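Please keep the structure in view while reading.

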Amino acid sequence: MTDRIISVRGDGRRADVLLSEASGLSRSRVAALMAEGCCRMAGKPCLKAGTKVPPEAELLLTVPEPRPAEPQAEDLPLEILYQDADLAVVVKPRGMVTHPAAGHGSGTLVNALMHHLDSLGGIGGELRPGIVHRLDKDTSGLMIVAKNDESQMALSRMLAERRIEKHYRALVEGVLKEPEGRIDLPIGRSRTDRKKMAPDPEGRPALTEWKTLAEGRGCTLLDVHILTGRTHQIRVHMKSIHHPVCGDPVYGWEKGVKVPCLMLHAWSLRFAHPRTGEEMRFEAPLPEDFRAGLRRNGIPEESVSASAAGDGLQNIYR
């Protein structure tokens, strides 16, 4: 792998805009490279992202070969449903943290991906996978991983434009009065406990749709479709309507139904491949601890796969 040279002619617009369009890199990544001295205009260094490029002036951007990433590869168990040169779809197990951070320098999803994925093209100048969306440590299920900058930017844009359809299975406390519903409630950092999230009229917009799949003893199994991806969104929204997710140690009831784990699982994904446009559909069966929680509370396992709003998946990658 060698440095990549991007050449583009000016048309009066900003340098970072022109180079982002020509390279497939994000504007922030282009700006960082420019600040490092990787860009020249008319043979001279061009360091500022906002520089207006005159018509026909040539910009040259050198994109260095990705350097080794700091996270170390670890041979951790990980189910990979699909991968190609641009992306991978994996099933994150419950209890695994997504990113290395203070207190979690190893044993994370990123460490596992560094070992299991092939042909990493580099994200932000490092040979590492790009996490497109996250799951809480105690939530299991499907995640999309980008393998190069172009896919990372395209998938992130699709996520922001709500073109990645995500459905969860959630067992919640109590029996809901309506068979389906929609929660439109902004979420922000709790003002009394900064480790929690909470409904906040000044927070970021958050939309959640739910549909009942089955009722058990004092609990309900839901299909949950999230249209936004806020931190703890499902957990906060279900608590806001007085039906928290069973087994939730942060937002749940102290004396709720007995379950072995947080009963929340990222069940299905649907999106268009960022390079080919092919429709991709994936489904991740429930882990055994989730199934055990259903059995204990009178939920038939066949109800998990019941058809739900927007969930009629065909040609599923398993």
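## Buried helices

A residue is called buried when its relative accessible area is under 20%. By this criterion helix H5 is mostly covered, since six of its eight residues are buried. The buried residues in H5 are Gln233, Ile234, Arg235, Val236, His237 and Met238. The model discussed here is a predicted one.

Helix H3, which spans residues 109–116, is largely enclosed by the rest of the structure, because six of its eight residues are buried. Those buried residues of H3 are Leu109, Val110, Asn111, Ala112, Leu113 and Met114.

## The chain as a whole

The protein chain contains six helices and 18 strands. It has 318 residues, and 49% of them count as buried. Its accessible surface comes to about 15,300 Å², and carbon and sulfur atoms contribute 49% of that area.

Among contacts in the protein chain with a separation of 6 or more, 65% are between residues 24 or more positions apart.

## After helix H5

Just after H5, His242 adopts a positive phi of about 70°. His243 is located in the loop between helix H5 (233–240) and strand S17 (264–272).

Is His243 buried or exposed? Its relative accessibility is 14%, so His243 counts as buried. When neighbours within four places in sequence are left aside, His243 is in contact with Val172, Glu173, Gly174, Val175, Leu176 and Met238. One of these, Met238, is itself a buried residue of H5.

## A four-stranded sheet

Four strands make up an open sheet in the order S1-S4-S2-S3, and their pairing is antiparallel. Strand S1 (4–9) and strand S3 (44–45) are the edge strands, each pairing on one side only.

Within this sheet, strand S2 (residues 39–41) and strand S4 (residues 58–63) are joined in the antiparallel sense over three bridges. Met41 has Leu59 in S4 as its bridge partner.

## Nonpolar cores

In soluble globular proteins, nonpolar side chains tend to be buried together. In this model, the largest nonpolar core has 47 residues, of which Leu171, Leu221, Met263 and Leu294 touch the most other members. Not counting residues up to four places away in sequence, Met263 touches Arg169, Ala170, Leu171, Val245, Cys246, Phe290, Gly293 and Leu294.

A second, separate core has 19 residues, including Val30, Cys38, Cys39 and Ala57.

## Aromatic pairs

A pair of aromatic rings is described by the distance of the centres and the angle of the planes. How many aromatic pairs does the structure hold? There are two aromatic pairs. In one of them, Tyr82 and Phe282 are tilted, with 5.9 Å centre to centre and 55° between the planes. This pair links distant parts of the chain, as Tyr82 in strand S6 (residues 79–83) and Phe282 in strand S18 (residues 279–283) are 200 residues apart. Tyr82 is buried, with a relative accessible area of 19%, and Phe282 also counts as buried, at 0% relative accessibility.

Why is the pair of Phe271 and Phe282 stacked? The ring centres of Phe271 and Phe282 are 6.1 Å apart and the planes stand at 20°, so this pair is stacked. Phe271 belongs to strand S17 and Phe282 to strand S18, eleven residues apart. Phe271 is buried, with a relative accessible area of 2%. Together, Tyr82, Phe271 and Phe282 form one aromatic cluster.

Notes:
Residues numbered from 1 in each chain as written. Predicted model: local features only at pLDDT ≥ 70, side-chain atom pairs only at ≥ 80, totals over all residues. Heavy atoms only, no water. Buried < 20%, exposed > 50% of the residue type's maximum accessible area, 1.4 Å probe, protein only. Helix = DSSP H or I, 4+ residues; strand = E, 2+ residues; numbered from the N terminus. Contact = heavy atoms within 4.5 Å. Pairing = 2+ DSSP bridges. Core = buried A, V, L, I, M, F, W, Y, C linked by side-chain atoms within 4.5 Å. Areas by Shrake-Rupley, 256 points an atom, 1.4 Å probe, with all protein chains shown as cover. Phe/Tyr/Trp six-rings, centres within 6.5 Å; stacked < 30°, edge-to-face > 60°.
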